[in-house]
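Subject: The structure I promised you

Hi,

Here is the structure we talked about. Have a look at it first, then read on.

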Amino acid sequence: MSLRSGVYADSVRLMQVSRDVSALDGVTGVLVAMATPLNLELAATMGLAPDEPTSPEQLLIAVRAESEEALAAAAAAVEAALTARERSTGTAAAVPRRTIGAGLDDLPSDDPALAIVSVPGPYAVAEAADAIAAGRSVLVFSDGVPVEHEVALKRAAHAAGVLVMGPDCGTAIVSGIALGFANVVRPGPVGLVAASGTGAQQISCLLDMAGIGVSHVLGVGGRDLSAAVGGLATLDALAALDADPATEWVLLVSKPPAASVAASVAAAAAELAVPVRSAVLSPGTPDLTAAVESLLGDMGLDVPTWPSRPGPAAATVPGAALKGLYSGGTLADEAMLLAAPALGDIRSNTPLRPELDLGADFSASGHVVIDFGDDALTVGRAHPMIDPTLRLDAIAGLAASGEPAVLLLDVVLGYGADPDPARSLVPALRAAVAAGTPVVVALIGTEADPQGWSRQADALAGAGAAVFASNSAATRYALDLLGASA
Amino acid sequence: MSELASSSMHGAPPLGGLLSGPPAIVAAGVDVFSDALRAQGAQVHDVDWRPPGFGDPADLAALALDPRRAAANRAAVERLLAAGSQLVDVRPASEVLDLADRMLLHAGPPLEWSNASGPMRGALVGACLFEGWAASVEEAQRILAAGEVRLDPCHHHRTVGPMAGVTSPSMWMWCLSDPVHGGQAFCNLNEGLGKVLRMGAFDHEVQERLRWMRDVLGPVLSAAVRGSLDAGNDPIDVKAILAQMLQMGDEGHNRNRAGSLMALRELSPLIVAVDAPSSDIAAVLKFAGGNEHFFLNLGMPTAKLALDGARDVPGSTMLTVMSRNGTEFGIQTAGTGDRWFTGPAQTPVGLFLGDYGPDDANPDIGDSAIMETYGVGGFSMAAAPAIVRFVGGTVPDALATTERMYQLTLAENPAMAIPILGFRGSPTGIDVLKVARTGWLPQINTGMAGRIAGTGQVGAGLVQPPQECFEQALVALAEAARSA
């Protein structure tokens with residue numbers, strides 16, 4: 001028995017509801033009607049008279065059932081029938097939906113849905129907040145989102161039982177749907193939690209090459225493991241994968257995290273039923289490929305020989321400088337972490353230590369690794385995985401400088417990336433090789449990617465580059481060429 | 001009978017089922033993903049996102065992230081939706097309103113004589129003549145200009161008035177009560193169409209009608225309503241009439257035809273039972289039956305009751321008032337109490353009576369935008385296909401207008417169902433944040449008064465508030481959110 005104010009429906013509609021609900025199993029009496037004197041009389045004759053005072057503008061919902069279960073089912077059916085919306089018979093001109101909230105309103109509430117926000121950073125928060133308020137997870141591709149917005153959104157998402165992927169999250173795979181920069185990988189038992197897009201791409205591609213698929217790749221945004229954000233989304237993503245029946249193993253991928261956050265995430269991971277292995281890059285654990293190999297070991301599988309094209313036998317150039325020109329931030333970090341013990345300080349626009357900041361001078365001499373995907377370099381232009389201009393300029397500048405060097409690059413394939421990156425790179429690489437600069441490429445992708453790993457590898461090798469599916473293998477090969485093996 | 005059980009959340013799939021199967025995607029912003037997603041067979045809905053129509057990004061963010069907002073708006077909406085409206089009395093304004101000596105109420109935000117528009121001045125003059133405070137138009141203008149008559153917004157007295165909304169002590173008021181929250185709201189009696197005080201006319205025909213309303217109509221209606229209650233009958237449920245008229249082709253602002261007839265159906269037996277000369281009874285029935293907007297002055301205080309019920313909810317970004325005084329448009333929000341946010345009133349666009357044209361129309365005037373604030377009127381245009389040509393549109397326009405208003409509002413009012421939209425509830429609870437984000441302003445259906453005092457009605461049409469009101473409200477709400 002329930003009395004509700006502020007609800008009016010016409011008697012025809014309510015009679016339909018009563019009839020439909022009374023047809024349910026175990027329901028022995030139903031009256032859904034406005035509490036008018038006439039209807040109250042009717043309720044009394046059915047033995048459903050309310051035991052509290054009523055007024056005619058109230059909606060009377062009276063149900064008698066044989067069991068609690070049948071009663072609950074009937075209650076749910078009344079609710080559903082009262083809120084069900086008939087299809088409009090009018091023909092309004094299509095009204096565009098202007099916000100994520102309005103767009104989500106159109107979807108059935110019990111179907112899985114995900115919001116994607118790529119509006120300018122200062123406006124992303126309202127769109128993401130819409131998704132959270134609607135009980136939906138959201139992927140925030142936008143960069144330039146203030147960190148305090150990120151924290152507030154992630155706290156709200158946690159309270160709502162949903163996930164904020166991002167901001168600045170460019171890679172995710174959710175239930176087989178690849179979002180943003182992601183590769184075509186097979187489905188399988190490994191779930192990735194990624195504070196790093198290219199890191200997740202490297203790992204998912206290597207797993208695919210080993211015959212292992214992923215259940216989901218949940219991006220959390222590059223700042224999630226910072227002290228300011230405290231791993232809010234990482235913790236929620238780990239819990240979600242723990243509860244996901246398709247996920248049997250979890251790999252956590254990130255750039256170097258804040259120490260306090262790393263500890264709390266490790267503690268949380270230890271509490272989960274699903275085994276969590278960390279591919280958190282740090283000076284002590286610098287190698288994503290090694291993390292994949294360890295996971296394969298956990299799974300009782302052999303480590304395959306990772307695909308490569310060694311290219312022409314290149315003479316070593318001892319004493320030359322390492323020039324790492326990357327489009328993926330985590331791959332750049334990995335290269336620096338692997339190379340620094342052998343080479344010493346490496347200057348960068350995303351340096352391992354603040355005093356190694358390169359500033360704006362990308363033509364500086366000595367060991368240099370540049371992340372062309374860094375936010376500061378993507379303002380007003382597309383990501384280097386799409387627009388190669390800046391990197392091609394840097395390659396040309398290097399050749400012109402005459403500085404002895406080994407050139408180390410990443411090329412990332414998959415959805416969202418340049419449909420044929422080799423096409424623009426091959427002439428530049430050929431020129432570098434001709435000028436005596438050995439070229440090493442980390443080619444991140446799969447055979448199933450639209451660009452095809454082998455097709456791209458053959459083209460790049462044809463230009464004289466040594467090509468590796470593993471960034472750490474590529475980096476070590478470059479170090480070999482520098483005579484500085486770690 | 002046992003309590004109805006609620007469903008348990010135990011064993012619910014993580015992230016609302018996101019990991020259980022390919023999700024539908026709703027995307028806003030640059031189209032970076034959609035083609036690749038479609039190539040994978042994903043269901044993708046691209047939102048037609050635009051930068052917000054106004055508002056500093058930091059203010060919009062402060063509101064979007066205000067942890068109070070969702071619950072506050074839910075509370076405001078619940079109070080709005082739950083409110084009822086019963087006709088409990090008909091009394092002179094002097095008895096039921098807290099009026100100072102020589103005070104006139106008017107529509108819209110606060111106003112001085114010096115910046116009052118033509119029709120507002122006409123109505124104020126007419127009211128001074130009607131009250132006997134002046135013997136001539138000139139004298140009325142003099143005492144008004146000298147500040148000898150105090151002006152105060154209807155809204156400051158739980159009152160609403162259509163068009164000029166001028167309410168004087170001798171006018172009889174519909175007295176409505178909200179049985180849920182215990183609120184009260186008042187509105188004077190509708191004079192009909194054409195040359196009427198609320199449209200700024202004040203001549204002898206207007207005065208004669210006002211006197212008849214004071215001496216015959218008011219007392220008869222009062223006796224009718226009181227007699228019925230004294231006899232133990234329930235009060236007339238005005239909200240129920242409003243709900244039903246939406247299913248009969250009215251939108252409750254510019255079209256009140258079905259509502260007026262239903263109100264008359266309820267009142268007629270009570271009126272006939274009044275001990276008064278049969279000629280008076282006949283005149284009252286004829287007057288009420290001949291006025292298609294008879295119900296408007298019952299619908300407006302019904303909306304006012306609901307919105308007053310939603311007042312003073314800290315953190316809520318919902319409008320509680322939209323109102324115009326012929327010079328300025330003013331709004332109030334649930335999160336900012338009695339504070340007005342104003343901007344210049346716009347001139348409606350629509351159809352004109354006889355030879356009148358756009359140059360004859362005064363800027364927007366009247367408290368009747370309380371209907372749109374409540375989710376009917378222009379917001380429920382889809383319910384009133386019969387009116388759309390009158391206000392210069394097509395049926396698809398009407399449907400599109402209501403569809404658009406859903407994106408400005410917080411709720412659908414299940415009590416106010418729109419048949420052609422599959423009995424979807426009317427778009428209700430205007431959200432300042434949504435107005436800013438969509439860049440769409442609320443749609444208001446309205447009458448048009450002549451620009452020159454004394455003219456009366458010149459047409460009817462559509463109008464929107466000036467964006468300035470919403471800009472100021474957004475700033476104030478963001479300030480409140482930051483200091484909360």
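Predicted model: local features only at pLDDT ≥ 70, side-chain atom pairs only at ≥ 80, totals over all residues.

Let's start with chain A. It has 15 helices and 19 strands. The radius of gyration of chain A is 29 Å, well over the 23 Å that the globule rule gives for 486 residues, so this chain is more spread out than a compact globule. Along the principal axes, the C-alpha trace of chain A spans about 100 × 50 × 40 Å. Of its 486 residues, 54% count as buried. If you take the contacts in chain A with a separation of 6 or more, residues 24 or more positions apart account for 71% of them.

Now chain B, with 15 helices and 17 strands. Its radius of gyration is 24 Å, close to the 23 Å that the globule rule gives for 484 residues, so chain B is as compact as a globular protein of that length. The box filled by the C-alpha atoms of chain B is roughly 80 × 60 × 45 Å along the principal axes. Buried residues make up 60% of the 484 residues here. Among contacts in chain B between residues at least 6 apart in sequence, 73% join residues at least 24 apart.

**Where the chains meet**

How many residues of chain A are in contact with chain B? It's 77 residues of chain A, and they are in contact with 68 residues of chain B. Several elements of chain A give two or more residues to this side, including helix H3 (68-83), helix H6 (147-160) and helix H8 (232-243). The largest share, seven residues, comes from H5(A). By class, the side of chain A that touches chain B has 41 nonpolar, 21 polar and 15 charged residues.

There's also a strand pairing across the two chains. E4(A) runs parallel to strand E1 (residues 24-29) of chain B, and six bridges join them.

**Two places in chain A**

Find Ala195(A), in the loop between strand E9 (187-194) and helix H7 (197-209) of chain A. Is Ala195(A) buried or exposed? It has 29 other C-beta atoms within 10 Å, and 20 or more is what it takes to count as buried, so Ala195(A) is buried. Leaving out residues up to four places away in sequence, Ala195(A) touches a number of others, among them Val220(A), Leu225(A), Thr234(A) and Val253(A). The C-alpha atoms of Ala195(A) and Gly219(A) are separated by 5.8 Å, although these residues are 24 residues apart along the chain.

Then go to helix H15 (residues 471-481) of chain A. Nine of its eleven residues are buried, so H15(A) is largely enclosed by the rest of the structure. Those buried residues include Asn471(A), Arg476(A), Tyr477(A) and Leu481(A). H15(A) is followed by Gly483(A), which has a positive phi near 65 degrees.

**Two places in chain B**

First, helix H9 (residues 257-272) of chain B. At 1.5 Å a residue, its 16 residues should span 22 Å, and the end C-alpha atoms are 22 Å apart, which agrees. H9(B) does have a kink, though: about 35 degrees at Glu266(B), shortly before the proline Pro269(B). Among the buried residues of H9(B) are Ala258(B), Met262(B), Leu267(B) and Ile271(B). What covers the buried residues of H9(B)? The cover includes helix H7 (204-230), helix H8 (238-246), helix H10 (278-289) and helix H11 (296-309) of chain B.

Second, strand E9 (residues 319-325) of chain B. Seven of its seven residues are buried, so E9(B) is largely enclosed by the rest of the structure. E9(B) pairs with strand E10 (residues 328-333) of chain B in the antiparallel sense, over five bridges, and Leu319(B) stands opposite Thr333(B) in E10(B). The hairpin of E9(B) and E10(B) has two residues between the strands, and Gly326(B) takes a positive phi near 90 degrees there. E9(B) also runs antiparallel to strand E13 (residues 365-366) of chain B, joined by two bridges. In that pairing, Arg324(B) stands opposite Gly366(B).

Conventions
Residues numbered from 1 in each chain as written. Chains lettered and ligands numbered in written order. Helix = DSSP H or I, 4+ residues; strand = E, 2+ residues; numbered from the N terminus. Expected span 1.5 Å × (residues − 1). Bend = angle between axes of the 7 residues up to and from the residue. Buried ≥ 20, exposed ≤ 12 C-beta atoms within 10 Å, placed from the backbone. Contact = placed C-beta atoms within 7 Å. Rg over C-alpha atoms; globule rule 2.2 N^0.38 Å. Nonpolar A, V, L, I, M, F, W, Y, C, P; charged D, E, K, R; others polar. Pairing = 2+ DSSP bridges.
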